[in-house]
Amino acid sequence: EDAPEFQGWCVAERERFGRIERELLDRIIHRLGDDDPDAAVPYAQRRARLDPHDDASQARLVTLLAAAGRLREADAHYRVQRRWLEAHGGRPGAELVRAWAGLSRGTAHAADADASAGVGQEVRFCRSRDGTSIAYATAGSGLPLVKAAHWLSHLEYEWRSPVWRHWLSELTRDHRLVRYDQRANGLSDWAAESLSLEAFVDDLDAVVEAEGLRRYPVLGVSQGAAIAVAHAVRHPDRVSGLVLYGGFVLGWRRRGRPQDVEVRNAMVKLMLHGWGRENAAFRQLFTSLFCPGATLDQMQAFNELQRESASPENAVRLSEAVGEFDVSSLLPRVRVPTLVLHARGDAVIPFEQGRRLAAGIPGARFVPVDGTNHILLEHEPAWPTFLREVRAFLASVARDEAAPGATAP
């Protein structure tokens, strides 16, 4: 300790040997990776431990584990790494997210791996107008159907969720479904600064542009209904029809009575302090509102979706942004066929909001469905009603588009 020159030399040598070790590990991993990924895994694990903040090293480990058929380990490493980064004020980078998203395209899935492999889901990334990275996915075949993003979405997890899996399976049966995670949510950039209706519409614009879509119907669920309306007004030449379910004209802060706003503010505080905990008691409050008729399995899945899709801080930010929505001035400007559906007993978005949404759009058809769930579940009677109405509407839109003189999608 009394020889500063020696101490300086020691530090320099440690750094030099650290660089040599990283270089050797990189060379070994490169040589083994293609021919024997299983043999490369221990070296990749050591390399990842040396630089826990290095996105490329973490992504390479996930990719090698997947190539070795160790999909559960690959998924587990991503989740552990993500939570470690979040605890240290970080977030998985684009390479790691892409590597993890690629697990759904593996050929040797574990029993509980993504159902998305069956429909060939592909996850890609594009940039919104302000540079925010937006993750989007395509699945199924046929004419395009674009689903506007909503709060609590996750492109990969939803295929495993009994709350959303039936939606995706049915919507991809007859269409090429294009969907995305909104900013600060799911696989999209959690560090997005701007959260507003305009920014959310920019995200939708970026996705359809990246996919090269010329003409398409849009499905808007919950807050996605307002985004779909704003997008249709912004692009009347592109949108061929709107399907709006569980939507609203005014966000919760603008439509609520003072006591309702006070209750919602209390819920926002619960989000901030209880959202990320292992114990799901706080998140169960939201699950009970969104899906009061859910089975235990469905409730547990929705509880987990909440934590997977957003951090506590982002859940609050997104909720606050949605609370300020107001599309009342846009409704009369919608010039496309529109179908509006709403559950009579919806505890999240009042039934009256769905009726106002339909009344404000010229020529819109309103279909009430019996139920209390904000997200329609597979076992409830309202689900086949919803499918029947949506399929008939989309078929009608497709016929009109194919008529002489119409613009082909």
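**Figure 1. Helix 14 and its packing partners.** The buried residues of helix 14 pack against helix 8 (197–211), helix 9 (223–234), helix 10 (252–255) and helix 11 (258–274). Contact here means heavy atoms within 4.5 Å. Helices (H or I, at least four residues) and strands (E, at least two) are DSSP runs, numbered from the N terminus. The model is predicted: local features need pLDDT of at least 70, side-chain atom pairs count only at pLDDT 80 or more, and totals for chains, interfaces and linings use all residues. Residues are numbered from 1 along each chain as its sequence is written, and side-chain values use heavy atoms, with hydrogens and water left out. Nine of the twelve residues of helix 14 are buried, so the helix is largely enclosed by the rest of the structure. Buried means under 20% relative accessible area, exposed over 50%, and partly exposed in between (1.4 Å probe, protein chains only). The buried set is P312, N314, A315, V316, L318, S319, A321, V322 and G323. Helix 14 covers residues 312–323. The expected span of a helix is 1.5 Å times one less than its number of residues.

**Figure 2. Helix 16 from end to end.** Helix 16 holds 21 residues, 382–402.

**Figure 3. Strand 4 and its two partners.** Strand 4 (residues 175–180) is mostly covered, with five of its six residues buried. Two strands pair if DSSP finds at least two bridges between them. Strand 2 (residues 133–139) runs antiparallel to strand 4, joined by four bridges. One of the paired residues is A139, whose bridge partner in strand 4 is L177. Strand 3 (residues 143–147) runs parallel to strand 4, joined by five bridges. There, P144 has R176 as its bridge partner.

**Figure 4. The hairpin of strands 1 and 2.** Six bridges join strand 1 to strand 2, and the two run antiparallel. V123 stands opposite A137 in strand 2. Five residues lie between the two strands of this hairpin. In the turn, G131 has a positive phi of about 95 degrees.

**Figure 5. Q121 and its polar contacts.** Q121 sits in the loop between helix 5 (94–101) and strand 1 (122–127). Its relative accessibility is 1%, so Q121 counts as buried. The Q121 side chain reaches the backbone oxygen of L155 at 3.3 Å. A polar contact, also of 3.3 Å, joins the side chains of Q121 and E156. A polar contact is a pair of N or O atoms within 3.5 Å; within protein, one must be able to donate a hydrogen and the other to accept it, and residues adjacent in sequence count only if both atoms are side-chain atoms.

**Figure 6. Two loop residues with positive phi.** Most residues other than glycine have a negative phi. L152 has a positive phi of about 65 degrees although it is not a glycine. L152 is in the loop between strand 3 and helix 6 (157–160), and at 2% relative accessibility it counts as buried. A184 has a phi near 65 degrees, again positive in a residue other than glycine. A184 is in the loop between strand 4 and helix 8. At 0% relative accessibility, A184 counts as buried.

**Figure 7. A68 in its loop.** A68 lies between helix 3 (55–67) and helix 4 (71–87). With a relative accessible area of 27%, A68 is partly exposed. Leaving aside neighbours within four places in sequence, A68 is in contact with P37 and D38. The C-alpha atoms of A68 and A40 are separated by 9.3 Å, with the two residues 28 apart along the chain.

Figure 8. C126 counts as buried at 8% relative accessibility. C291 is buried too, with a relative accessible area of 0%. The whole structure has zero disulfides, a disulfide being a pair of cysteine sulfur atoms within 2.5 Å. The mean pLDDT of the chain is 88, and 93% of its residues reach 70 or more. Over residues 105–118 the pLDDT is below 50; beyond near neighbours in sequence, this stretch has 25 contacts in the model. pLDDT is the predictor's confidence in each residue, from 0 to 100.
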